[in-house]
Amino acid sequence: SQLYWTARSYIKRKNIPAGRSTIYKLEKLNSKAKQLPVLFDTFATRYVLDSEIRKAQFWWNRLLSHFPKHPLATKSSWELAWSYQQKKKTGKALEYLKRGLKTRIYNSEMKAKLLFWQGKLQQVAGRHDLAEKSFKQLILRQPNTYYGMRLISSEDIPESILSVIKTRKAKLYTKPTELLSKKTKQLLKRTEFLFDIAEPEQALKELFAGLGHYKDSTRNWHVSHLLHRRGEYYSVLRVIANYYLPHLATLEVGEYPLWELAYPRPYWSQLKSYSSQAGIDPYFALAIMREESHFDPQALSSSKAIGLMQLMPATAKAVARKKKIKLKEDAQIFNPELNTRLGTLYLGSLADRFKSELIYTAGSYNAGPQNMLKWINRWRGKSLDAFVEQIPFTETRNYVKRVYRSYKLYKHIYSS
């Protein structure tokens, strides 16, 4: 443990020789130490930041070879594949994507990413039959991921893949049929009582204590509906994340109860009105709101972003000043209606600036328009899919994927 933290400290302070020496000491002491994969990945990431890609490849290869069953092995395979793709070494990139798909993958988005790019690069290599096979796997197994949505929405999607989309038989989530236990009935009754006497904080505290580890599907189902009915959308998403999330990657999308729980439309009337005034799709604003705050009107980030649409006070004041909206103090920004109004206006200004390109607009909302402009100029000529993978801020890169996915799902769920 001491050697691990010492190595981390050296890497953080950019003392590469000392960090490397400490890692070798730990490896000599215990070649199977559980801290080693983390250190290998940390070292590789450090080298990427210093633009020393070959050295980063060395450490990711070391991780993949020595710890093929570790959760970081899949990430290493991806990083190696992408680093070779950047050098236009398509064959080498495909080799690592294939290795990645053979690792133990814990995340449906990662599996989808490997299949998506395997198909893309197989097309580049002229292996269209293999590309079709990769894309079919993605559509059948992870259609509702960001990568599944990108494939389905692409303009040059092969006709054979379109036929798979049209004919595949996706599952519907089946409502649990088991009777409510006595304990669950008591929990629901107590929660309703606390909400009725205006004690929502105590209601939620006792409810989630009673849910435990989310193992009772019947209880989860009824609790989710209770929370949705009470307008506690943030808490609904907490249940979704802890129990239902794995199901959502493959289920048929539509106006079904589980999808309406996972992708609700709070503040919908005012959001539609303000989005119309701002010239943006209300479902785009809804996707931003969902990913920014999970519909918690009292959300306050570590960077002091406020409310449903996570507005920085300076941004909110600038928009209010420009549009002649009264805003005297930061506390007012927590108000859901005002937050939505200012947030949609700001989002609309970004959409105008980036010609309504969803990914650029969402990325600028998260990282700022100046960063987005810098990245667009830096990677001019790259495809949009490649551009997203190049975004240097991990938070922004993941954020635009989540917003894109949420937007596409919202449009599909409520298309009727």
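**Exercise 1.** Determine which helix holds Leu-188 and whether this residue is buried or exposed.

*Solution.* Leu-188 lies in helix α11, residues 182-196; helices here are DSSP runs of H or I with at least four residues, numbered from the N terminus. The model is predicted, so local features need pLDDT of at least 70 and side-chain atom pairs pLDDT 80 or more, while totals for chains, interfaces and linings use all residues. Residues are numbered from 1 along each chain as its sequence is written, and side-chain values use heavy atoms, leaving out hydrogens and water. Leu-188 counts as buried because its relative accessibility is 12%; buried means under 20% relative accessible area and exposed over 50%, with a 1.4 Å probe and protein chains only.

**Exercise 2.** Identify what Leu-188 touches beyond four places in sequence.

*Solution.* Contact means heavy atoms within 4.5 Å. Leu-188 touches Leu-180, His-222, Val-223 and Leu-226. For Val-223, 35 residues apart from Leu-188 along the chain, the C-alpha separation is 7.1 Å.

**Exercise 3.** Describe the surroundings of Asp-41.

*Solution.* Asp-41 belongs to helix α3, residues 36-49. Its relative accessibility is 10%, and therefore Asp-41 counts as buried. Beyond four places in sequence, Asp-41 is in contact with Trp-60, Leu-63, Leu-72 and Lys-75. The side chains of Asp-41 and Trp-60 are also joined by a polar contact of 3.1 Å (a pair of N or O atoms within 3.5 Å, one able to donate a hydrogen and the other to accept it; residues adjacent in sequence count only if both atoms are side-chain atoms).

How values were computed. Helix = DSSP H or I, 4+ residues; strand = E, 2+ residues; numbered from the N terminus.
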